[in-house]
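Subject: Handing over a structure

Dear colleague,

I am passing a structure on to you, and I would be glad if you opened it before reading the notes that come after it.

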Amino acid sequence: MTGKMMKLNDSLGRSAVLRHRAFKPIAVAMSRTPAVVMNAHPSVGGVQDPLMVRAARGEKVERAPCWMMRQAGRYQKTYRELAKKHPSFRERSETTELIVEISLQPWNSFKPDGVILFSDILTPLPGIGVNFDIDDNKGPIIDTPIRSLEQVKQLHDMDFSKVDFVGRALTQLRAEVNNQAAVLGFVGSPWTLATYLIEGGSTSLYKTIKTMCFTAPEVLDALLTKLADAMAAYIKYQIRAGAQCVQIFDSWGGQLPPREWDKWSGPYLKRIIASVKAEYPTVPLTLYANGSGGLLERLSATGADVVGVDWTTDMGDARRRIDSNVSVQGNVDPAILFASQDAIEDAVRDCLRKGGGQRHILNLGHGVLVGTPEEGVAHMFDLSKRLTYADVAQG
């Protein structure tokens, strides 16, 4: 692959380029050139967008597309074998050929309707000047927690050379999947990223950051604004590299009381979404917050195209509470995949029936659990392909 990579556009030539076999994982990994830029607009010239993209936009589809959060990971034997050879998580998530290989493992096994980038929400932090590490036992560790305005001011705009492996991986995934499924990018929300930056790592209490809401609101606002602008830029970078949908994980947003979410999470999510939509209005953005049963109306008012629903909320209730012009995603209990095939089918049918018949992306209400039988995952994907909306309506 040469240093001057041809741009991909939305003409018929785009699909031909995507099939070009010059896009090999190891070649992309070795390239020092920027990721291939793709124009993120609706398909033209007879090339249809993937099912998931169309469902997210609200177009009429025959069945609900399906992918799973954490569909690439430790429950798969192929991943565990790869992890033995590459024990460092950061190596696995920051090396182009490994990102591509891991992202494609569930695609090769189950053919989901969405192939999500294997990465981490902390991955872009070095791009704004924050160093971190990931300990297998302790989880993420921030070298120097941010708790002052001076520290916030030292953060800089996104330096994409620090995440070029992400761009190259997304470009390669688009070539490998070849429009048979949607390629998904993702980012962490400002509030969620700020919890790690302020607490210094994982936490179950969120004591320091919640205290700062009242003792140092100007510091928190400055940090969240900086993160919002950086994540908006990072999403656009992922779209240019090939992402056809992007999910925003407000993982710890559900830890905020609704009135505090309105102040410390919602406005910054809206800032991201408005910025991205100004440039890429047709690229679906999904917003997921764990423990968000009390926030569904707020999530759907952010401008996101899709709201992810966790398993603690009845999908029928969620569909009634979320704006009808917003699609839903979820929300099968991840634990059901340990059960019998009949139990899995009952749960999937219930979720599809309550999802409303359109504007629904079938998913788990959280990520695939470690130890989940691969047969359970395979059965849910098989069901998603077999159960059309007409079949579900007939009971």
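Predicted model: local features only at pLDDT ≥ 70, side-chain atom pairs only at ≥ 80, totals over all residues.

Residues are numbered from 1 along each chain as its sequence is written, and side-chain values use heavy atoms, with hydrogens and water left out.

The chain has 18 helices and nine strands, where helices (H or I, at least four residues) and strands (E, at least two) are DSSP runs numbered from the N terminus. Of its 395 residues, 57% are buried, a word that stands for under 20% relative accessible area, with exposed meaning over 50% and partly exposed in between (1.4 Å probe, protein chains only). Among contacts (heavy atoms within 4.5 Å) with a separation of 6 or more, 73% are between residues 24 or more positions apart.

What lines the largest pocket? A pocket is an open set of points on a 1 Å grid over the protein atoms alone, where a 1.4 Å probe fits, with protein on both sides within 12 Å along at least five of seven lines, and lining residues have an atom within 4 Å of a point. There are 37 lining residues, and R70, R74, F89, S119 and D120 lie nearest the centre of the pocket. The elements that each give two or more residues to this lining are α4 (77-85), α5 (89-93), β2 (132-135) and β3 (139-142), and the largest share, three residues, comes from α4.

According to an unreviewed UniProt entry, the annotation "domain: Uroporphyrinogen decarboxylase (URO-D)" covers residues 65-74 and 184-200. Residues 65-74 are 0% helix and 0% strand, with end C-alpha atoms 23 Å apart, whereas residues 184-200 are 59% helix and 29% strand, with end C-alpha atoms 28 Å apart.

Some details of the backbone also deserve a look. G330 and N331 are joined by a cis peptide bond with an omega of about -10 degrees, and N331 belongs to strand β8 (residues 327-332). N178, which is not a glycine, has a positive phi near 55 degrees, and this residue sits in the loop between α8 (164-177) and β4 (182-188). R359, also not a glycine, has a positive phi of about 50 degrees and lies in the loop between α16 (341-354) and β9 (360-364). N178 is partly exposed, with a relative accessible area of 23%, while R359 counts as buried at 18%.

Best wishes

Note on methods: UniProt positions renumbered as here; feature names shortened; annotations may be inferred.
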